[in-house]
Amino acid sequence: MSTPSLAGRRIVVSAGPTFEDLDPVRFLGNRSSGKTGFAIAAAAAARGARTVLVAGPVSLATPAGVERVDVRSAAQMHAAVMAALPADVYIGAAAVADFTPARVSDHKIKKRPGEDGLVLQLVRTADILADVAASARRPSLVVGFAAETGDVEANARGKLERKRLDLVCANRVGLAGSGFESDDNALLVIGDGLRRELGPASKVELADALLDLVAERLG
Ligand code: CTP
C-alpha cells in the first residue's frame with residue numbers, strides 16, 4: 001500500500017516538555033523526550049507537508065525539511081503555535097506544563113537559617129490545544145495527546161470533548177516514565193466514529209500510522 005501524501009498541507013506539531021523558570025538556575029520540567037513529536041514532524045515532512053515543529057527544550061536533531069521553532073516555556077510555546085497558524089492540521093504532542101510559578105525570582109532563591117520548607121505558588125498556564133481548537137483560525141484537524149496513569153479511555157474521551165478535538169491519542173504512563181522516555185509506545189486513537197489501537201511499536205512507526213489516519217480524515 002502506498003503512503004498517503006500530505007503534499008500541499010501545512011502541519012504544525014508541538015513536541016517535548018516545557019520548562020517553567022523559578023529563578024535563574026531552577027525550573028519545573030517534565031520527562032517528555034520529544035521523540036514522538038519529532039517523529040511526527042519528520043513523517044509529515046517526508047509526505048510532502050509544509051511542517052512547522054514547535055519544540056520545547058530537547059537536544060534532538062531537526063528532521064529533514066522541517067521548519068523548527070525552539071521555545072522554553074508554556075507561554076512561549078503558546079505564542080509560537082498561534083503564530084504558526086493558519087494550518088490544516090495541529091498535532092499537540094508536547095507535554096506542556098499545566099502550572100507555572102506565579103513569580104520568577106530574578107536572583108537565586110536562597111535558603112534562610114531556620115527555614116525548613118518552601119512554598120511555591122503556581123498559576124495555570126493557557127491550554128494551547130484548547131485555544132487552537134477554539135481559534136478563529138482553527139485547523140481542519142486538531143489532534144491532542146493524553147498521557148494517563150489510569151482510566152485511559154474515559155479520560156481521553158473527556159479530553160476529546162472538553163478541548164473540542166478531532167482526534168486524541170491516549171497512552172498509559174507509569175512511574176518508570178514508560179511511554180515518556182522510551183523509543184516505543186502504544187497509542188489508543190479516538191475520534192468521531194473511530195477507535196484504533198496503534199502499536200506497541202516504535203515511535204517512528206506510530207508517527208507514520210497516526211499520519212495515515214490524519215491523511216484519511218483530511219480526505
Ligand atoms: N496541552 C496544551 N497546553 C497546556 C496543557 C496541555 O496544549 N497548557 C495539550 C498537550 O499538548 C496534549 C494535551 O493537551 O496534547 C494533554 O493534555 P493534559 O495536560 O494531559 O490534560 P489536561 O487536560 O491538562 O488534563 P489532566 O491534567 O486532567 O490530565
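Modeller: What follows is a set of questions and answers on this predicted model.

Colleague: What makes E5 and E12 the edge strands?

Modeller: Start with the sheet. It is open, has eight strands and runs E5-E4-E1-E6-E9-E10-E11-E12, with mixed pairing. Strand E5 (66–70) and strand E12 (194–202) each pair on one side only, and they are the edge strands. On average, neighbouring strands of this sheet are turned by 15° against each other, direction ignored.

Colleague: How do you know that E6 and E9 pair?

Modeller: Two strands pair if there are at least two bridges between them. Strand E6 (residues 89–92) and strand E9 (residues 141–148) have four, in the parallel sense.

Colleague: How many bridges join E1 to E4, and how many join E1 to E6?

Modeller: E1 and E4 run parallel and are joined by six bridges. Arg10 has Arg50 as its bridge partner in E4. E1 and E6 also pair in the parallel sense, over four bridges. There, Val12 has Tyr90 of E6 as its partner. Both counts meet the cut-off of at least two, so both pairs stand.

Colleague: Why is E1 called largely enclosed?

Modeller: Five of its six residues are buried, so the rest of the structure largely encloses E1.

Colleague: What does helix H2 pack against?

Modeller: First, its buried residues. In H2 (residues 74–84) they are Ala74, Met77, His78, Ala80, Val81, Met82 and Ala84. They pack against strand E1 (10–15), strand E2 (20–23), strand E4 (50–55), E5, E6 and helix H3 (128–134).

Colleague: Which strands does helix H5 lie across?

Modeller: Helix H5 (residues 203–218) lies across E6, E9, strand E10 (167–172), strand E11 (184–191) and E12. H5 runs at about 155° to E12.

Colleague: Now the ligand. Which residues are closest to it?

Modeller: Gly92, Ala94, Leu129, Lys159 and Lys163 are the closest of the 15 residues that surround it.

Colleague: Why is Lys159 called buried?

Modeller: Buried means under 20% relative accessible area. Lys159 is at 18%, so it counts as buried. Lys159 sits in helix H4 (residues 152–162). Beyond residues up to four places away in sequence, Lys159 touches Phe145, Ala146, Glu148, Arg164 and Leu165.

Colleague: And why is Ala126 called partly exposed?

Modeller: Ala126 has 42% relative accessibility, so that is its class. Ala126 is in the loop between strand E8 (122–124) and H3. Leaving aside neighbours within four places in sequence, Ala126 is in contact with His78 and Asp131.

Colleague: Why is Ser5 called exposed?

Modeller: The class needs over 50%. Ser5 has a relative accessible area of 52%, so it is exposed. Ser5 lies in the segment before E1. The side chain of Ser5 reaches the backbone nitrogen of Ala7 at 2.9 Å.

Colleague: What sets the backbone at Asp151 and Arg164 apart?

Modeller: Most residues other than glycine have a negative phi, and most peptide bonds are trans. Asp151 is not a glycine, yet has a positive phi of about 45°. Arg164, also a residue other than glycine, has phi near 55°. Asp151 lies in the loop between E9 and H4, and Arg164 in the loop between H4 and E10. At 60%, Asp151 counts as exposed. At 62%, Arg164 is exposed too.

Colleague: Where are the cis peptide bonds?

Modeller: One joins Leu85 and Pro86, with omega about 5°. Pro86 is in the loop between H2 and E6. Another joins Gly199 and Pro200, with omega about 10°. Pro200 is in strand E12.

Note on methods
Residues are numbered from 1 along each chain as its sequence is written. This is a predicted model: local features need pLDDT of at least 70, side-chain atom pairs count only at pLDDT 80 or more; totals for chains, interfaces and linings use all residues. Side-chain values use heavy atoms; hydrogens and water are left out. Axes are lines fitted to C-alpha atoms, for helices over the stretch in contact, and angles run from 0 to 180 degrees between N-to-C directions. Contact means heavy atoms within 4.5 Å. A residue is near a molecule or strand if one of its heavy atoms lies within 4 Å of it. Buried means under 20% relative accessible area, exposed over 50%, partly exposed in between (1.4 Å probe, protein chains only). A polar contact is a pair of N or O atoms within 3.5 Å; within protein, one must be able to donate a hydrogen and the other to accept it, and residues adjacent in sequence count only if both atoms are side-chain atoms.
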